[in-house]
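Me: I have a structure open and want to go through a few features of it. Can we start with the helices?

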Amino acid sequence: MKLIGSYTSPFVRKISVILLEKGITFEFVNEQPYNAINGVAQYNPLGKVPALVTDEGEVWYDSPIIAQYIDLLNAEPPMLPAEPRAALKIRQIEALADGIMDAALVSVREQARPAAQQSETELLRQREKISRGLDTLESYFSDGTLHIDEMNLATVAIACAISYLNFRRVSPGWCVDRPQLVKMVENLFQRESFARTEPPKD
Ligand SMILES: N[C@@H](CCC(=O)N[C@@H](CS)C(=O)NCC(=O)O)C(=O)O
């Protein structure tokens, strides 16, 4: 199976981590979706990574669908609970973590524009999404929805989102007053799957 992606994308990292944790062999095809010329659209008409190509030639996108496809392969450990409603909750938290990645990505793209064209209002809007999202994630540890020593689709997605905030220096104070999030991601960052997928330094 082939994973089409870039080494800096948090969405791609989520999928790489899941494949590594499950011991599923894959070939990484490095594509830069923001380059003027790139090969991503032949896999995903939206021109976004990740895309997954199976050995049978079937193509899956976007990252939540790829994660669900991988879980159907029944390789251990499962990333979703067996009970459908509990699984739906984990997938909702994955969506929240993905939304934080989206907001961080928009911020990074906005800040890459010439200073005179950047919108402070837009940057603030994105920062607020990230902040509200992180507060909600912290509350899931306080109310027992998530546990700091747990690895599932939600916690992997959260760790990838937070690692991207660190990598791009978006919301650098994210860890203030969110002690359980800090502990959870520190646990996951120690795993080989995270060490092997660390984004390259610019
Ligand atoms: N919802 C998508 C988001 C993927 C995404 O935004 N990927 C970025 C890289 S981090 C991308 O390929 N952007 C290219 C573009 O927007 O044209 C997913 O979960 O896979």
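Me: At what angle do the axes of helix H4 and helix H6 cross?

Reply: This is a predicted model, where local features need pLDDT of at least 70, side-chain atom pairs count only at pLDDT 80 or more, and totals for chains, interfaces and linings use all residues. Residues are numbered from 1 along each chain as its sequence is written, and side-chain values use heavy atoms, with hydrogens and water left out. The axes of H4 (residues 120-142) and H6 (residues 179-189) cross at roughly 85° and come within 8 Å. Helices here are DSSP runs of H or I, at least four residues, numbered from the N terminus. Axes are lines fitted to C-alpha atoms over the stretch in contact, with angles from 0 to 180 degrees between N-to-C directions. H4 and H6 are therefore roughly perpendicular, a label for 65 to 115 degrees.

Me: Which residues of H4 and H6 make the contact?

Reply: From H4, Leu 134, Leu 137, Glu 138, Phe 141 and Ser 142; from H6, Pro 179, Gln 180, Leu 181 and Met 184. Contact means heavy atoms within 4.5 Å.

Me: New topic. Which residues line the largest cavity?

Reply: Tyr 7, Thr 8, Ser 9, Pro 10, Arg 13, Cys 160, Ser 163, Tyr 164, Phe 167 and Pro 199. A cavity is a set of points on a 1 Å grid over the protein atoms alone where a 1.4 Å probe fits but cannot get out, and lining residues have an atom within 4 Å of a point.

Me: Which helix gives the most to that lining?

Reply: H5, with four residues. H5 spans 153-168, and H1 (10-22) also gives two or more.

Methods:
Parallel < 35°, antiparallel > 145°, perpendicular 65-115°, else oblique. 1 Å grid on protein atoms, 1.4 Å probe; cavity = no way out; pocket = protein on both sides within 12 Å on 5 of 7 lines; lining within 4 Å.
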